[in-house]
Amino acid sequence: MYTFGSQILALQVPGDANPFAGSGDVVTLIAQTTPINQAVLVILVLFSVASWAIILQKLWMFRVLERETGRFLDVFRRSSKFSEVQAVCQTVSATPLVGVFQAGYAEMNAQFRVAGGSGGASAGAGGASGRPTLRSLDGVDRALIRAATSEIGKLERRMTFLATTAGVAPFIGLFGTVVGIMIAFQRIGASGSTNLAIVAPGISEALIATAAGLFAAIPAVVFYNHFTHRVKELSATMDDFALEFLNIAERNFT
Amino acid sequence: MSVSCRGYPVNNSEPEAPLSGVTEVIVARARRPEPFDGMLVWSIAAHACVLGFLLFGPMDWGVAADQIPTTVMTISLGGAPGPRETGQTQMGGRTVEAPPPEAVERAMPPPPPREVEHVLPVETPPQRPRATPPPREEPQEGVTRTETSTRGQGFGLSTGGAGGSGVQLDVADFCCPEYIEQMVTLIQRNWQANQGVRGATLMRFVITRSGTIENVVVERPSGLLALDLAAQRALLTTRLAELPVQFPNPTLTVHLTFEYQR
């Protein structure tokens, strides 16, 4: 014995009966949200704009800076006089090594000058009586450390904002979502219906804030870590350069 | 290696000046401008682009690409899943019509009406429903409810009862239920339902304005190729009437489950 098979049929009327039309529409979603949510969204957009401006500036800066660091080290190791290096400094001024070098060079010149001024012409800087000598290598070292610290501070400038964005933006978004869901539940309670069509849109609106928070925070986290790493690398390069500079100074001027 | 001090004047009258040299260098370098404003402009422009894309770009978020189309009508033959909504529908005034006998002959001998099947499942001769079919070509119009064999779930109207195939219609928006009824009948006529195995194939197809069936797709295969092919064959060999004029859209997409009982 066999029975008829059964058929289940679903018909679709394309076009106007589509309930998805408009529900994914960002404009209406944002327009329907509460003022608190809209304020949260505006704040998050501002955070995102500022953090991306910092990201772009830092990316550009590090790109130029690493290229010029290579060029500067190349010149520094090939030239036989500090004055030659000093002359090149203006063309590769983006690299922090230039700051370190110039500080050390200025300190050395200052020491030579003091020695030349107080001790007479016999030990004059660049004088004919022989090569100049450094009075204090530690002084040069301190100048190099000062410059390196300053350069690192400059490299890290505005990075705290990235860290702040990374840490705070998700919470701001979460705040917006919580407020939005609170209001959505109030509306649901007022309407007295548990129909999904009433429950879902409010929650969907509220979740936009979290999405916006993550949108602002994720690039900030990624690039903050990236830039921290780059700064660490450059800091190591500067330390290395300072030691190299000190070695050359000690070898030649003591 | 030697240090040249050219260009750096020795100034004995100012002993502090050389000491401030290092500080001057450091401060001067710290004050070097950074192109932050330009980057701010770029960032604003990029965000404006993203916002513009969100606001004015495609808004379906990829949902509409392959979404399950909106179901406005559910029909089940043979008393399978019932309607989801209750209440009298447009089908209240619908035609009550038995399937034509030739459909019964081509497809398979129909089982007895359901009441009979439940009460006397074994003794029922298979020819019995064919012996007393309702008048075939004269559909009866009327607003009265018709007694059927299906177990309705509090829904508007059940039709049928002949040939063991109860028809349940749940019509929401589609204008012309008689067209669907006719379509089901025509498709069933070409459908080899008796494949010897159980299974269900969900097919999707598009009815054009002229009544041809296009874009026949196996939406949810049954797992057995023979069942899918039988359903496909039924659709491909069916030629329907033109879409009713009351229906405004150029095409009608239909999802049809072919349920093979055995």
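## Two helices of chain A side by side

Let's start inside chain A of this predicted model. Helix α5(A) passes helix α7(A) in a right-handed crossing. Here α5(A) covers residues 137-155 and α7(A) covers residues 196-253, and their axes come within 10 Å and cross at roughly 160°. Angles over 145 degrees count as roughly antiparallel, so α5(A) is roughly antiparallel to α7(A).

Which residues of α5(A) and α7(A) make the contact? On the α5(A) side they are Leu137(A), Val140(A), Asp141(A), Leu144(A), Ala148(A), Glu151(A), Ile152(A) and Leu155(A). On the α7(A) side, look for Val231(A), Leu234(A), Ser235(A), Met238(A), Asp239(A), Ala242(A), Phe245(A), Leu246(A), Ala249(A) and Glu250(A). Sorted by class, this contact has 13 nonpolar residues, one polar residue and four charged residues.

## Another partner for α7(A)

Helix α7(A) also packs with helix α6(A), which is made of residues 159-191. Their axes lie 8 Å apart, at an angle of about 175°. Because of that angle, α6(A) is roughly antiparallel to α7(A). The residues of this contact comprise 26 nonpolar, nine polar and two charged ones.

## Where chain A meets chain B

Now find the two helices named α2, one in each chain. In chain A, α2(A) runs over residues 35-78, while α2(B) of chain B runs over residues 36-56. The two axes come within 8 Å and cross at roughly 130°. That angle makes α2(A) oblique to α2(B), and the crossing is right-handed.

From α2(A), the contact uses Val45(A), Ser48(A), Val49(A), Trp52(A), Ala53(A), Leu56(A) and Gln57(A). From α2(B) come Phe36(B), Met39(B), Leu40(B), Trp42(B), Ser43(B), Ile44(B), Ala46(B) and His47(B). How many of the residues in the contact of α2(A) with α2(B) are charged? The contact has no charged residues; 11 are nonpolar and four are polar.

## Paired strands in chain B

Chain B also has strands to explore. Strand β4(B), residues 199-207, runs antiparallel to strand β5(B), residues 213-220, and five bridges join them. If you pick out Arg204(B), you will find that its bridge partner in β5(B) is Val217(B). The hairpin of β4(B) and β5(B) has five residues between the strands, and Gly211(B) in this hairpin takes a positive phi near 100°.

Strand β4(B) also pairs with strand β6(B), which spans residues 252-260. This pairing is antiparallel too, with nine bridges. One residue to look for here is Phe205(B), whose bridge partner in β6(B) is Val254(B).

## How confident is the prediction?

For the model, the ipTM is 0.71 and the pTM is 0.54. Chain B has an average pLDDT of 65, and 47% of its residues score at least 70. Where in chain B is confidence lowest, and where is it highest? The lowest mean, 34, belongs to strand β2(B), residues 158-160, and the highest, 88, to α2(B).

Two stretches of chain B deserve a careful look. Residues 1-19 of chain B have a pLDDT below 50, and the model gives this stretch 32 contacts beyond near neighbours in sequence. Over residues 150-172 of chain B, pLDDT stays under 50 as well, and the model has 94 contacts for them beyond four places in sequence.

Notes:
Residues are numbered from 1 along each chain as its sequence is written. Chains are lettered from A and ligands numbered from 1 in the order in which they are written. This is a predicted model: local features need pLDDT of at least 70, side-chain atom pairs count only at pLDDT 80 or more; totals for chains, interfaces and linings use all residues. Axes are lines fitted to C-alpha atoms, for helices over the stretch in contact, and angles run from 0 to 180 degrees between N-to-C directions. Helices (H or I, at least four residues) and strands (E, at least two) are DSSP runs, numbered from the N terminus. Angles under 35 degrees count as roughly parallel, over 145 as roughly antiparallel, 65 to 115 as roughly perpendicular and the rest as oblique. A crossing is left-handed if the near helix is turned anticlockwise from the far one by less than a right angle, and right-handed if clockwise. Two residues are in contact if their C-beta atoms, placed from the backbone, lie within 7 Å. Ala, Val, Leu, Ile, Met, Phe, Trp, Tyr, Cys and Pro count as nonpolar, Asp, Glu, Lys and Arg as charged, and the others, Gly among them, as polar. Two strands pair if DSSP finds at least two bridges between them. pLDDT is the predictor's confidence in each residue, from 0 to 100.
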